[in-house]
Amino acid sequence: MNSFFYSVALQWRFDIRSKSLLVTCYIVPLIFFLLMGGIFTSVMPEMGNTLIQSMIVMSVSMGAFIGFPPSLIETYGSDIKKIYKANGAPIYLGLVTMYLSAFVHLMISCLAIVLLAPILFKAILPTQLPFFFLGLSVFIIVSLSVGSILGLIAKTPAKLTMIAQLVFLPSIMLSGIMFPIHLLPDFLAILGRFFPAYWGYRLMLDYGFHLENLWYLILVFCLAVIACTVLLNKQKLQ
């Protein structure tokens with residue numbers, strides 16, 4: 001157990017120094033928040049009610065789908081995984097430590113949005129903060145589980161970039177954070193429901209934390225765990 005916590009702490013130090021993680025988990029999401037927060041609230045003043053949730057969906061999606069998977073490729077797509085085998089460490093240790101570290105980084109980024117939005121843009125804080133943070137935690141967990149699949153299934157950074165964009169862009173455009181879902185064609189509105197961002201956004205809204213918005217995220221997480229287990233078992237044979 002001590003070695004596990006040491007591995008998590010060590011991964012945390014590595015991630016703090018990672019330029020990729022710094023850009024995708026902090027710099028780009030917060031710049032997007034600072035720019036678009038003012039635009040959204042000026043064009044649509046009513047968006048102040050959901051600005052925090054909208055900006056968090058963008059921040060988490062970028063960090064989980066674009067920032068997190070490259071770290072997995074660096075480990076499982078190189079000889080680093082042989083170090084785990086040589087030292088008798090389980091193959092999943094790298095995934096778990098990077099997953100936990102990324103969760104903390106994304107949570108810090110989201111807390112910055114929660115604290116700054118009411119001050120800078122007069123955004124309204126969620127009235128049910130405990131359920132809001134619980135929903136946020138669920139959304140981060142599920143998004144990172146999908147990011148784990150991307151990082152384990154892609155063989156090269158170039159392929160990962162292409163696959164990640166195919167997940168990230170629809171997550172943002174079809175989730176309802178940019179414009180109301182009813183403005184989309186029916187087939188795009190239905191397609192948006194297949195992405196965790198759609199349900200995570202609604203889960204974090206006031207009085208949105210209930211089974212109707214939760215069941216699909218639980219299903220995605222369970223399927224992601226199964227997929228990651230299969231992919232990690234393949235890593236053992238390589």
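Reader: Is Tyr 207 buried or exposed?
Author: In this predicted model, the relative accessible area of Tyr 207 is 59%. A residue counts as exposed when this value is over 50%. Therefore Tyr 207 is classed as exposed.

Reader: Where is Tyr 207 found?
Author: Tyr 207 has a positive phi of about 60°, although it is not a glycine. Helix α10 covers 196-204 and helix α11 covers 211-237. Tyr 207 is found in the loop between α10 and α11.

Reader: What is the phi of Lys 122?
Author: Lys 122 lies in the loop between α6 (93-121) and α7 (129-153). Lys 122 is exposed, with a relative accessible area of 72%. Its phi is positive, in a residue other than glycine, and the value is near 55°.

Reader: Is Val 142 buried or exposed?
Author: Val 142 lies in helix α7. Its relative accessibility is 2%, and the cut-off for a buried residue is under 20%. Val 142 therefore counts as buried.

Reader: Which residues is Val 142 in contact with, leaving aside its neighbours within four places in sequence?
Author: Contact requires heavy atoms within 4.5 Å. With neighbours within four places in sequence left aside, the residues in contact with Val 142 are Pro 196, Leu 217, Val 220 and Phe 221.

Reader: What separates the C-alpha atoms of Val 142 and Val 220?
Author: Val 220 is one of the residues in contact with Val 142. Along the chain, Val 142 and Val 220 are 78 residues apart. The separation of their C-alpha atoms is 6.9 Å.

Key: Residues numbered from 1 in each chain as written. Predicted model: local features only at pLDDT ≥ 70, side-chain atom pairs only at ≥ 80, totals over all residues. Heavy atoms only, no water. Helix = DSSP H or I, 4+ residues; strand = E, 2+ residues; numbered from the N terminus. Buried < 20%, exposed > 50% of the residue type's maximum accessible area, 1.4 Å probe, protein only.
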